[in-house]
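Please look over the structure below before reading on. The notes that follow concern helix packing and charged pairs.

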Amino acid sequence: MKFFLDTADLAEIRWAVQAGLIDGVTTNPSLLSKDAGDLEWGDVLKEICSLVDGPVSAEVVAVDEAGMYDEGRKLARIDDNIVVKIPMLEEGMVATRRLRSEGIKVNVTLCFSSVQCLIAAKAGATFVSPFLGRLDDIGHDGMDVIRETRQIFDNYGIETELLAASIRHPRHVVEAALIGADIATVPTSTLKRLLLHPLTDRGLDQFLNDWSKLTARTKANA
Ligand code: E4P
């Protein structure tokens with residue numbers, strides 16, 4: 001399973017890249033609005049692409065077909081690694097087909113059902129993004145969408161990558177991986193928590209303690 005970082009925060013992306021933990025980045029208008037600071041959003045995307053050796057999703061804000069297509073083409077010119085995020089709308093599917101016919105990669109976002117994921121894949125999406133956490137928030141089980149979409153894509157040999165999005169905690173990542181999602185896009189706080197286990201810390205403390213006893217003994221005997 002690949003990990004993408006779900007942020008537009010450059011410091012967080014630098015940290016994750018140098019730690020070798022991520023294979024790509026996803027942004028959205030809310031993340032850019034929160035993280036861009038005084039920088040121009042296009043420059044932030046350029047900088048992210050220079051840091052990350054992998055796909056970087058950048059979302060259109062138009063909601064009509066021509067607007068999504070035009071914005072998508074402009075975003076794609078920023079860098080070869082840009083993947084244009086298109087919302088799951090009827091007009092979005094037309095824009096997706098047009099962008100894909102020009103070789104531009106598309107991530108269909110705001111998917112909340114497996115059939116939306118199927119439609120996006122049929123339109124040629126490179127990635128589909130079902131939002132787990134937002135479904136859980138309204139009392140559904142977001143993981144059902146991952147499970148059904150995996151099954152449907154496997155039934156028909158669909159190569160669109162299944163990108164589990166709106167992840168809230170490590171268990172979401174584990175369950176999506178067990179089902180066979182291709183990618184999990186995670187906020188930095190979740191990525192950090194994926195690294196941790198209390199028994200790792202306790203075990204390391206014990207090893208280091210025992211080692212210092214051994215070295216103290218060796219010194220005493222010298
Ligand atoms: C995915 O590409 C989205 O940017 C993201 O995962 C949305 O997550 P949220 O529901 O936590 O905003």
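1. Buried means under 20% relative accessible area, exposed over 50%, and partly exposed in between (1.4 Å probe, protein chains only). Lysine 85 and glutamate 59 are both buried. Their side chains meet in a salt bridge, 3.9 Å from N to O; a salt bridge is a side-chain nitrogen of Lys or Arg within 4 Å of a carboxyl oxygen of Asp or Glu. Lysine 85 is in strand β4 (residues 82–87) and glutamate 59 in strand β3 (residues 56–59), 26 residues apart. Helices (H or I, at least four residues) and strands (E, at least two) are DSSP runs, numbered from the N terminus.

2. This is a predicted model, where local features need pLDDT of at least 70, side-chain atom pairs count only at pLDDT 80 or more, and totals for chains, interfaces and linings use all residues. Residues are numbered from 1 along each chain as its sequence is written, and side-chain values use heavy atoms, with hydrogens and water left out.

3. The whole structure has 13 salt bridges. In one of them, glutamate 47 pairs with arginine 14, with the closest N and O atoms 3.4 Å apart. Glutamate 47 lies in helix α3 (residues 41–51) and arginine 14 in helix α1 (residues 10–18), so the pair ties together parts that are 33 residues apart in sequence. Glutamate 47 is partly exposed at 29% relative accessibility, and arginine 14 is partly exposed at 40%.

4. Aspartate 154 forms a salt bridge with arginine 150, the closest N and O atoms being 3.2 Å apart. Both lie in helix α8, 4 residues apart, about one turn of the helix. Arginine 150 is buried, at 10% relative accessibility. A network of salt bridges links Arg150, Asp154 and Asp182.
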